[in-house]
Amino acid sequence: MDTYADNSFTAGSQQPVLAPYLPNELITIVVGHLHDDKQALQTCSRIASAWVDPSYRHLFSQIFISVDDPNWLVKLYGDIERYSRLGNYARRLMLWTFKDPNAACIPVCHHIISSILHFAPNIKDITFFGLLFDCKHGAVEHVTHSIELDRMVIRNCLSAGGPIVPLILSNFSTVKTLQIARYSGPTSTASSSRSSHLQIYDFDYDAPAAADILSTISNSPTSFAMSFHDASQIGEFNAFITSTGAEIRQLLLRPMGRLADPISIRGEDFVNLDLSLCKQLQVLRIVALGEYHLDEVIADQSQRMLWDAVAHIVSSSPSGLPVIHLDLTVEAEARDSFERTFQWESMDGTLACRPGLRSVIFTLFVEDTDLELKDEEEVYSSMITKRMHRVAKLGLLDLRLKVTQRIPHDWD
Ligand SMILES: [Zn+2]
């Protein structure tokens, strides 16, 4: 991984030489052409003072640090001190390790992030990958900032010490896009503080239940996506909707139709889902990625469970909702199972009598086969139109078929 720390930059090792005058615009263009040549950028930064800014803007735009090095933080502070205004040039921060978060040397906490942001206040994009979140600073106050962030990604991380993530989030006034995936958070937090000033516009939450995430977000995102891995998440989601869900305009729900052992979520668990409070909802999208199994009985059981979840989600949607997307995957070999197990009757009936519904966009992701796409289209089109005859008659049905190389079994 590329890190700015790899630069063998030694400030003051060469005396700046007087260069012929060039307008700043031209310098910016020249330096811009060299944006991925670190050696050349370092040379440029030593030409004259007018070259420092444009060169540093490329040299130090990203702070990528592997946290495997126990001294990473000390080194970072050293570099910030050594290169004047380094922090001002940083737009992107990535802290990462490919190790198991449990084996991490130094946990990351709100104190550490807050102090990095103090030196690098122009950061717009943050990725945490593989981190262990924990705090060893006890009751030490942490200084919060009010930074507008474009994007934060938390992936493969583990929180061992209570609600660290909400405390990190309290440094921002805006996080336009927040993505949390494969995150293991605390199962209960006694003192979760809500980040009341934080506005998230686009929030994608794809992780098992964690007590420090949804319960601490107090402003409604415009667009919200959530995967359901276990039954307790339905309660977690309902509580979130009740407190902050009224303003959500777009909702994407992904029931995970896995026959995990033991089964952690079932179709009937979704009967408890309540979307009626999402009064502003304009689009509901349900993404159901089926699980293919060689054993026909298990395959059917798995599909039934998934379609049952989809049916419950649709019937809990608020009245007046204009657009419903159903994104379903069908394995090439499992077309018969799909026709057999999908809840055609109840889905057709539920959709046909929904007031305000203008469009049902049915997208089938069919695995790439040697079959002719045209033939496939015809088969599925006639199957769905015939089985969803009431919806089709109302002119609500918009059928799309997408052939994919491989049906995505995971959300990436
Ligand atoms: Zn701390």
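**View 1. Here is the largest nonpolar core of this predicted model.** The core has 106 residues, and Phe133, Val310 and Val360 touch the most other members. A nonpolar core here is a set of buried Ala, Val, Leu, Ile, Met, Phe, Trp, Tyr and Cys residues joined through C-beta atoms within 7 Å. "Buried" is a count: 20 or more other C-beta atoms within 10 Å of the residue's own, with C-beta atoms placed from the backbone. Helix 9 (residues 296-315) gives the most to this core, nine residues. Nonpolar side chains tend to be buried together in soluble globular proteins.

Two notes on reading the views: residues are numbered from 1 along each chain as its sequence is written. Local features need pLDDT of at least 70, side-chain atom pairs count only at pLDDT 80 or more, and totals for chains, interfaces and linings use all residues.

**View 2. Zoom in on Val310 and its contacts.** If you skip neighbours within four places in sequence, Val310 is in contact with Pro255, Ile286, Ala288 and Leu326. Two residues are in contact if their C-beta atoms, placed from the backbone, lie within 7 Å.

**View 3. Helix 2 (residues 38-45) meets helix 3.** Helices are DSSP runs of H or I, at least four residues long, numbered from the N terminus. The two axes come within 8 Å and cross at roughly 155°, so helix 2 is roughly antiparallel to helix 3. Axes are lines fitted to C-alpha atoms over the stretch in contact, angles run from 0 to 180 degrees between N-to-C directions, and over 145 counts as roughly antiparallel. On the helix 2 side you'll find Lys38, Leu41, Gln42, Cys44 and Ser45, which meet Trp51, Val52, Ser55, Tyr56, His58 and Leu59 of helix 3. Sort the residues of this contact and you get six nonpolar, four polar and one charged. For that sorting, Ala, Val, Leu, Ile, Met, Phe, Trp, Tyr, Cys and Pro are nonpolar, Asp, Glu, Lys and Arg are charged, and the others, Gly among them, are polar.

**View 4. Helix 1 (residues 24-33) also packs with helix 3 (residues 49-59).** Their axes come within 9 Å and cross at roughly 35°. Asn24, Ile27, Thr28 and Val31 of helix 1 make the contact with Ala50, Trp51, Pro54, Ser55 and His58 of helix 3. This time the residues divide into five nonpolar, four polar and no charged.

**View 5. Last up are the buried residues of helix 3.** They are Trp51, Pro54, Ser55, Tyr56, His58 and Leu59. These buried residues pack against helix 1, helix 2 and helix 5 (86-89).

Methods. Helices (H or I, at least four residues) and strands (E, at least two) are DSSP runs, numbered from the N terminus. A residue is buried if 20 or more other C-beta atoms lie within 10 Å of its own, exposed if 12 or fewer, and partly exposed in between; C-beta atoms are placed from the backbone. Angles under 35 degrees count as roughly parallel, over 145 as roughly antiparallel, 65 to 115 as roughly perpendicular and the rest as oblique.
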